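This briefing covers helix packing and aromatic pairs. The structure is shown first.

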Amino acid sequence: MTQLSAAQTGTTSGSPSDGRTLYGGKGTRRITVRDIAAAKERGEKWPMLTAYDAMTASVFDEAGIPVMLVGDSAGNCHLGYDTTVPVTLDEMTMLSAAVVRGTSRALIVGDLPFGSYQEGPVQALRSATRLVKEAGVGAVKLEGGERSHRQIELLVESGIPVMAHIGLTPQSVNAMGYRVQGRGEEAAQQLLRDAKAVQDAGAFAVVLELVPAELAAEVTRMLQIPTVGIGAGAETDAQVLVWTDMLGLTGGRVPKFVKQYADLREVMSGAAKAFAEDVVGGAFPTEAHSVH
Ligand code: KIV
């Protein structure tokens, strides 16, 4: 699967999908941030899913998911940590490279993990450069509004597209917990300032996590860049879900904003038990599964 660089894809004239929309159709090249901007102009909604490995990503790519986020939610959903805080840049680089290798059409966004950009713009550029050069992502994501605007500015000036992330920012769990953000006049004003700050700094899109639907709608009307909602109501330009939540693999309590489209945990557990019982009872392998 050939990975075109962001510079190459940005100047290629083919359509990202055989039709005119981001979702649907087979692509002749990778989707770029310019296609994302064009979708906002058309008023088109689009889906984004997380992915952490090549095989899962290839399924979503074939299904036409136009943007995949190699989120640091990999910490909880793939690597077995309790939060996203321990995830390292080495881990994100390895996972992002796998997702890039498994896809040919989707724009792959790599998450900058906690501790890889908070020191300042130069550290952010060094970290983002690794994701672009070593993993081949087309864009990076980082958390924070006003507090991260200098990092966003330098990355964008350096040719690295940035997806911002405001509202609930899980890397700050030790300071803010997992609470709805933007409730009350003061918090709502801060969210609006954060949204404006990341747009002004040059972000091509912004994730709004766990904010009241009315406020997310106001941000979406206010910005020229697309908003990507998770627990932010129906009015954002795009919607993102963590794939293990969406397919029922995560286990345990699922947040209210998640819609489960399958129960993979049940399917996988049933298959594993059936295999085990066949082995224990001697029903597998049969002659059909044997070589001579
Ligand atoms: O890490 C992640 O998966 C995310 C999404 C929830 C937006 O940041």
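Helix α6 (residues 121-135) packs against helix α7 (residues 149-157) at an angle of about 50°, with the axes 8 Å apart. This is a predicted model in which local features need pLDDT of at least 70, side-chain atom pairs count only at pLDDT 80 or more, and totals for chains, interfaces and linings use all residues. Residues are numbered from 1 along each chain as its sequence is written, and side-chain values use heavy atoms, with hydrogens and water left out.

**Helix packing**

- The angle makes α6 oblique to α7 (under 35 degrees is roughly parallel, over 145 roughly antiparallel, 65 to 115 roughly perpendicular, the rest oblique).
- On the α6 side, the contact (heavy atoms within 4.5 Å) is made by P121, V122, A124, L125 and A128.
- R150, Q151, L154 and L155 make the contact on the α7 side.
- Of the residues in this contact, seven are nonpolar, one is polar and one is charged (Ala, Val, Leu, Ile, Met, Phe, Trp, Tyr, Cys and Pro count as nonpolar, Asp, Glu, Lys and Arg as charged, and the others, Gly among them, as polar).

**Aromatic pairs**

- The whole structure holds two aromatic pairs (ring centres within 6.5 Å; planes under 30 degrees apart are stacked, over 60 edge-to-face, the rest tilted).
- F60 and W243 are edge-to-face, because their planes stand at 70°, with ring centres 6.0 Å apart.
- F60 is in helix α3 (residues 54-62) and W243 in helix α11 (residues 243-246), so this pair ties together parts 183 residues apart in sequence.
- F60 is buried at 6% relative accessibility, and W243 is buried at 10% (buried is under 20% relative accessible area, exposed over 50%, partly exposed in between, with a 1.4 Å probe and protein chains only).
- F275 and F284 also pair edge-to-face, at 6.0 Å centre to centre and 65° between the planes.
- F275 is partly exposed at 48% relative accessibility, and F284 is partly exposed at 33%.

How values were computed: Helices (H or I, at least four residues) and strands (E, at least two) are DSSP runs, numbered from the N terminus. Axes are lines fitted to C-alpha atoms, for helices over the stretch in contact, and angles run from 0 to 180 degrees between N-to-C directions.
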